Amino acid sequence: MTRTLNLLLLTGSMAHASSLSVYQDQANYNYAAKSSFIGLTKGVKAKCDGNTVGVHVIPSCPNDKRLCKELISLKKTEQKLNSIKSNSKVLEQLISLPQPTSFDANAWIKSAKLVGEEQAKLFDETNKATEELKLKQVAFHKQAPSKQTLISNEICTNEMEFTLPYGYVSFSTAYEADMQNEKEIKVTQYLSIVNRSGIDIKADKAMFYYRSANQYIRPVHFDPWTVSKYEPRPERRVSKRVMMQKMEINAMAMSDEASIAASPAPVASYIDAREYQIDNLNLPSSGLPVDVQVTSWSSPLTCKIKAYPYFNIRAFSVCSFEPKYQIDSNRWKIKTGKITINEKAVGEYRDGIYNLYTKIEEDIKIMRKPIVKKDRETGIFGDTVRKKDGFVLTLTNKSDKSKTLTLVDRIPASTTDEIEVKLLEIRSDKKVNYQMLKDGQVEMKIVLSGQETKKIEVLFEISYDKDLKISY
């Protein structure tokens with residue numbers, strides 16, 4: 001009997017467990033309602049045990065609800081401002097009253113002083129109350145979409161289900177990389193959840209999905225690809241009704257695509273790629289993010305300093321690793337221990353490896369200049385023009401430590417057999433370790449000692465018919 005009672009209690013608690021499901025385009029909140037009060041919200045759909053329940057607005061707001069207290073404070077500030085404005089209006093009316101026929105200079109001076117002081121006081125109070133009201137209005141707007149109290153038409157004895165519109169509850173992922181060990185990266189993933197629905201949410205289980213809850217997929221059936229004898233077909237007129245049907249179908253597809261594109265993204269446990277779970281989530285409608293750690297893992301790391309002078313003369317550090325889980329967001333916070341390196345680092349998948357662009361190498365200065373015109377040589381040999389060109393790279397390491405740099409630059413890449421391009425020479429005071437890759441890419445491995453400056457000349461030749469004009 002005891003076992004049966006425990007099972008009934010467990011079943012009852014599970015039936016009334018609260019849950020939250022957040023998608024890209026909406027959120028669903030289920031809980032056991034104790035009253036008809038929903039929140040300071042609008043556009044919410046309500047169901048009781050799967051049946052639609054009507055909702056309506058009432059003028060009052062329960063004093064024991066957190067958002068109601070915020071609203072009451074806001075309304076008191078509005079009343080205060082209106083009272084001050086009313087006092088100012090009354091004072092202006094008193095001043096405009098007909099003046100007495102007799103004139104007492106001292107009394108007039110005293111009255112003018114008192115009136116001026118009161119006007120200044122009211123003006124100051126008006127400004128302060130106006131600013132206070134603006135701040136409270138902004139703060140309240142971040143927490144709730146409406147100042148009106150929404151309640152259900154009936155109290156649900158079992159489970160209420162609310163469908164919240166897009167943007168009321170949203171989430172995003174954030175990644176933090178700790179590279180205190182240069183050979184290993186520790187990755188920590190967080191969910192940042194924001195509730196501005198006007199409903200304070202408490203969920204025993206909360207699920208977060210990187211997908212839309214409403215997805216339009218047009219039914220597709222196999223259509224054979226046929227070949228037949230060509231016969232001219234008579235022009236077929238499409239009726240207006242058929243045209244309207246096609247326009248409606250296209251509009252539905254476009255509407256669905258637009259809703260997906262406009263959706264912002266957004267646990268304690270990682271369920272699957274782009275799917276997360278948090279137990280016992282307290283999510284007040286405060287408009288402030290609630291950050292929850294999802295998972296943490298480590299991976300071997302390789303880092304190098306790179307630069308692409310033809311595009312950007314700043315060198316940067318890029319670190320590569322193989323993620324243990326799918327990376328859902330390419331925005332990162334980089335740190336070493338407790339020291340922050342970069343709050344807005346960027347990463348990307350490339351060739352199965354994840355590359356994290358960690359920081360700019362401020363100590364390395366790069367200049368790239370074309371070879372001056374007088375040093376360029378253009379000769380005509382028979383019917384062929386051979387034009388020599390190039391550029392000079394000046395690299396400076398301003399730190400006292402040695403730096404190893406992978407420098408990627410380029411020479412022109414021909415798009416036709418009529419134009420031939422070849423690398424003539426890469427010269428410097430010391431031999432440069434380089435390799436010529438496809439599409440004109442030149443990759444150089446350069447070691448810069450502390451406080452060293454190095455110049456590198458890259459020379460190439462373009463050969464083409466003398467009657468041909470080229471551009472690059």
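1. Lys333 is partly exposed, since its relative accessibility is 26%. In this predicted model, Lys333 pairs with Glu176 in a salt bridge whose closest N and O atoms are 4.0 Å apart. Glu176, by contrast, is buried, with a relative accessible area of 14%.

2. A second salt bridge is made by Arg368 and Asp409, with 2.9 Å between the closest N and O atoms. Arg368 counts as partly exposed because its relative accessibility is 31%. Asp409, at a relative accessible area of 1%, is buried.

3. The side chains of Lys422 and Glu461 also meet in a salt bridge, at 3.9 Å from N to O. This pair again links distant parts of the chain, with Lys422 in strand 23 and Glu461 in strand 26, 39 residues apart. Lys422 has a relative accessible area of 41% and is therefore partly exposed, whereas Glu461, with 9%, is buried. Elsewhere, salt bridges with shared partners connect Lys80, Glu132 and Lys136 into one network. Over the whole structure, the search finds 15 salt bridges.

4. The aromatic side chains deserve a separate comment. The count of aromatic pairs comes to 16. One of them is formed by Trp332 and Tyr354, which are tilted, with 5.7 Å from centre to centre and 45° between the planes. Trp332 lies in strand 17 (residues 331-336) and Tyr354 in strand 19 (residues 353-370), so this pair ties together parts that are 22 residues apart in sequence. Both partners are buried: Trp332 has a relative accessible area of 1%, and Tyr354 has a relative accessibility of 0%.

5. Phe460 and Tyr472 form another aromatic pair. Their ring centres are 6.4 Å apart and their planes stand at 80°, so the arrangement is edge-to-face. Phe460 is placed in strand 26 (residues 453-465), while Tyr472 is in the segment after strand 26; the two are 12 residues apart, and the pair links distant parts of the chain. Phe460 is buried, because its relative accessible area is 4%.

6. Trp332 and Tyr354 also belong to one aromatic cluster, together with Tyr175, Trp297, Phe321, Tyr325 and Tyr349.

7. On the surface, Asp417, Glu418, Asp465 and Asp467 gather in a patch of negative charge. Within this group, Glu418 is found in the loop between strand 22 (403-410) and strand 23 (419-427). Glu418 is exposed, because its relative accessible area is 55% and exposed means over 50%.

8. Asp49 has a phi near 50°, a positive value in a residue other than glycine. Asp49 sits in the loop between strand 4 (45-48) and strand 5 (51-53) and is partly exposed, with a relative accessible area of 46%. Asp351, likewise not a glycine, has a positive phi of about 55°. The place of Asp351 is the loop between strand 18 (339-350) and strand 19, where Asp351 is exposed, with a relative accessible area of 76%.

9. Ser428 lies in the loop between strand 23 and strand 24 (433-436). With a relative accessible area of 23%, Ser428 counts as partly exposed. Ser428 and Leu393 are 35 residues apart in sequence, and their C-alpha atoms are 9.9 Å apart in space.

10. Finally, some overall values. The protein chain contains four helices and 26 strands. Of its 472 residues, 34% count as buried. The accessible surface of the protein chain comes to about 31,100 Å², and carbon and sulfur atoms account for 52% of that area.

Key:
Residues numbered from 1 in each chain as written. Predicted model: local features only at pLDDT ≥ 70, side-chain atom pairs only at ≥ 80, totals over all residues. Heavy atoms only, no water. Patch = residues over 30% accessible without salt bridge, like charges linked within 9 Å, V, L, I, M, F, W, Y side chains within 5 Å. Areas by Shrake-Rupley, 256 points an atom, 1.4 Å probe, with all protein chains shown as cover. Lys, Arg positive; Asp, Glu negative; His and termini not counted. Charge placed at Lys NZ, Arg CZ, Asp CG, Glu CD. Buried < 20%, exposed > 50% of the residue type's maximum accessible area, 1.4 Å probe, protein only. Phe/Tyr/Trp six-rings, centres within 6.5 Å; stacked < 30°, edge-to-face > 60°.
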